[in-house]
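Here is a friendly walk through one model, written for someone who likes to know the cut-offs behind each term. Have the viewer open as you read.

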Amino acid sequence: QVQFVESGGGLVQPGGSLRLSCAASGSIFSIYRMGWYRQAPGKQRELVASMFRAGSTNYSDFVKGRFTISRDNAKNTVYLQMNSLKPEDTAVYYCNGEKPWGGYVSPSWGQGTQVTVSS
């Protein structure tokens with residue numbers, strides 16, 4: 001089964017930018033949908049952005065216009081470009097693939113990458 005490793009997080013000031021990477025252990029070409037999720041302390045994990053195999057994208061209202069998801073099938077990597085970061089974007093960010101009939105490609109989540117937005 002494909003597993004994912006997230007990287008690229010860090011400490012950034014409000015208004016700053018970060019680019020997260022999600023490296024897959026296998027091919028992502030045929031994965032139905034790739035998603036970035038985040039989990040803030042005391043909150044449930046939530047979907048931030050996703051990209052379908054054909055290339056269409058979806059964004060949660062709280063990141064729309066600021067975040068961009070992309071994928072490089074040749075590198076088996078998915079990216080999340082985050083601009084105009086806000087303190088409320090502080091969370092651990094994860095990626096995973098989704099199957100068309102429901103469920104995740106990797107049943108176990110990676111360690112994620114911490115994003116902290118603070119002055």
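## The nonpolar core

Among the 28 residues of the largest nonpolar core, the ones that touch the most other members are F4, W36, F67, L80, M82 and Y93. A nonpolar core here is a set of buried Ala, Val, Leu, Ile, Met, Phe, Trp, Tyr and Cys residues joined through side-chain atoms within 4.5 Å. Buried means under 20% relative accessible area, exposed means over 50%, and partly exposed lies in between, with a 1.4 Å probe and protein chains only. At least two residues of this core come from each of β3, β4, β5 (46-52), β7, β8, β9 and β10. The largest share, four residues, is supplied by β3. As background, nonpolar side chains tend to be buried together in soluble globular proteins.

Before going further, a word on the source: this is a predicted model, in which local features need pLDDT of at least 70 and side-chain atom pairs count only at pLDDT 80 or more, while totals for chains, interfaces and linings use all residues. Residues are numbered from 1 along each chain as its sequence is written, and side-chain values use heavy atoms, with hydrogens and water left out.

## Strands and sheets

Strands (E, at least two residues) and helices (H or I, at least four residues) are DSSP runs, numbered from the N terminus. Two strands pair if DSSP finds at least two bridges between them.

An open sheet is formed by six strands in the order β2-β10-β9-β4-β5-β6, with mixed pairing. At its edges are β2 (10-12) and β6 (57-59), each of which pairs on one side only. On average, neighbouring strands of this sheet are turned by 20° against each other, direction ignored; the axes are lines fitted to C-alpha atoms, and angles run from 0 to 180 degrees between N-to-C directions. Within the sheet, β9 (residues 91-98) and β10 (residues 113-117) are antiparallel and share three bridges. V92 has Q114 in β10 as its bridge partner.

Now look at β8 (residues 77-82): five of its six residues are buried, so the strand is largely enclosed by the rest of the structure. Six bridges join β8 to β3 (residues 18-24) in the antiparallel sense, and C22 has V78 of β8 as its bridge partner.

## The disulfide

How many disulfides does the structure hold? There is one, taking a disulfide as a pair of cysteine sulfur atoms within 2.5 Å. C22 and C95 form it, with their sulfur atoms 1.9 Å apart. The two cysteines sit in distant parts of the chain, C22 in β3 and C95 in β9, 73 residues apart. The torsion about their S-S bond is about 70°, so the disulfide is right-handed. C22 counts as buried at 1% relative accessibility, and C95 is buried too, at 2%.

## Aromatic rings and a charge

Rings of Phe, Tyr and Trp (its six-membered ring) pair if their centres lie within 6.5 Å; planes under 30 degrees apart count as stacked, over 60 as edge-to-face and the rest as tilted. By this rule there are five aromatic pairs, including the two below.

| Pair | Type | Centre to centre | Angle between planes |
|---|---|---|---|
| Y37 and Y104 | edge-to-face | 5.9 Å | 80° |
| Y37 and W109 | edge-to-face | 5.1 Å | 85° |

Y37 lies in β4 (residues 33-39) and Y104 in the loop between β9 and β10, so their pair ties together parts that are 67 residues apart in sequence. W109 is also in the loop between β9 and β10, 72 residues from Y37. Y37 is buried, with a relative accessible area of 4%, whereas Y104 is partly exposed at 37% and W109 is partly exposed at 24%.

One aromatic cluster is made up of Y37, Y94, Y104 and W109. Two of these rings also meet R45. Its charged end sits over the ring of Y94, 4.5 Å from the centre, and over the ring of W109, 4.0 Å from the centre. A charge sits over a ring if NZ of Lys or CZ of Arg is within 6 Å of the ring centre and within 35 degrees of the ring normal.
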